[in-house]
Amino acid sequence: MALLTVVEDEAALAAHAAQRFAAIVGEAVRLRRRALVALTGGTTPRRMYRMLGQDPHRVPWRSVHVYWGDERCVPPDHDDSNYGMAREALLAHVPIPETQVHRMRGERPPDQAAADYERELPGTFDLMLLGLGDDAHLASIFPGSPVLDETEHRVAAPWVPHLAAYRLTLTPPALLDARKILVIVAGAHKAPAVRAALNGPDATGRWPAQILRRAPDRVEWIVDRAAAGELTWPHA
Ligand code: 6PG
């Protein structure tokens, strides 16, 4: 069963997620002398990133390599860039060497960017940080996405019809190749997705976050009270 922590609100979510992030990264550095971390985009992590950015010595950043779970096909200085958001809120404020920041090249042709990132990806991550969409998408794997069936490649560049855009995303084999997978979710509009991921009948094509059921012992959910509002126990 995945570990589930329900916290009061978005502020408590950011504080708890920052604490878990620092603990998991610190432990990886102690055990393996470095930590391989994948960051998530979206709005939910911004507060947590800011918190970590304001306390630059809480995490041993010189020993951390950061990657991303997904990216929008835009240049790094674009408002929609997941890299750009993480840089502004966190990475610009901590002592991480530039050579250890491994962004997806959203400005390149999508297929090329995916192939390039596949070459750059490490093996097992120490921490995969993920958000959850209100349709239960994970990284940029949306309901009905062919990426759900990907077994060979670790990075894909799917066309996402409802966004009329390409996205870059890790595939299930890469997303699940992590010692710890931390999913952070806030808000009542996410409650049906949280319920589907944790309580719902198997329907991965409809609710992509159900792929996390393949790694129950490594997944930790941090959910605020509103997003947990439709959960029943026990959960997956
Ligand atoms: C992205 C993501 C995506 C995100 C969810 C939740 O690039 O948008 O990485 O998977 O985590 O869409 O986003 P919010 O935190 O904005 O609700």
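**Exercise 1.** Find which residue takes a positive phi in the hairpin of E7 and E8.

*Solution.* Start with the strands, which are DSSP runs of E with at least two residues, numbered from the N terminus. The hairpin of E7 and E8 has four residues between the strands. Ala-164 takes a positive phi there, near 50 degrees. This is a predicted model: local features need pLDDT of at least 70, side-chain atom pairs count only at pLDDT 80 or more, and totals for chains, interfaces and linings use all residues. Residues are numbered from 1 along each chain as its sequence is written, and side-chain values use heavy atoms, with hydrogens and water left out.

**Exercise 2.** Work out how E8 pairs with E4, E6 and E7.

*Solution.* Two strands pair if DSSP finds at least two bridges between them.
- Take E4 (residues 70-72): this strand pairs with E8 (residues 165-170) in the antiparallel sense over three bridges. Glu-71 stands opposite Leu-168.
- Next, E6 (residues 155-156) is antiparallel to E8, over two bridges. Ala-156 faces Thr-169.
- Last, E7 (residues 159-160) also pairs with E8 in the antiparallel sense, over two bridges. Val-160 stands opposite Ala-165.

**Exercise 3.** List distances from ligand oxygen atoms to N or O atoms of Asn-82, Gly-41 and Thr-40.

*Solution.* A polar contact is a pair of N or O atoms within 3.5 Å; within protein, one must be able to donate a hydrogen and the other to accept it, and residues adjacent in sequence count only if both atoms are side-chain atoms.
- The Asn-82 side chain gives 2.8 Å.
- The Gly-41 backbone gives 3.3 Å.
- The Thr-40 side chain gives 3.5 Å.
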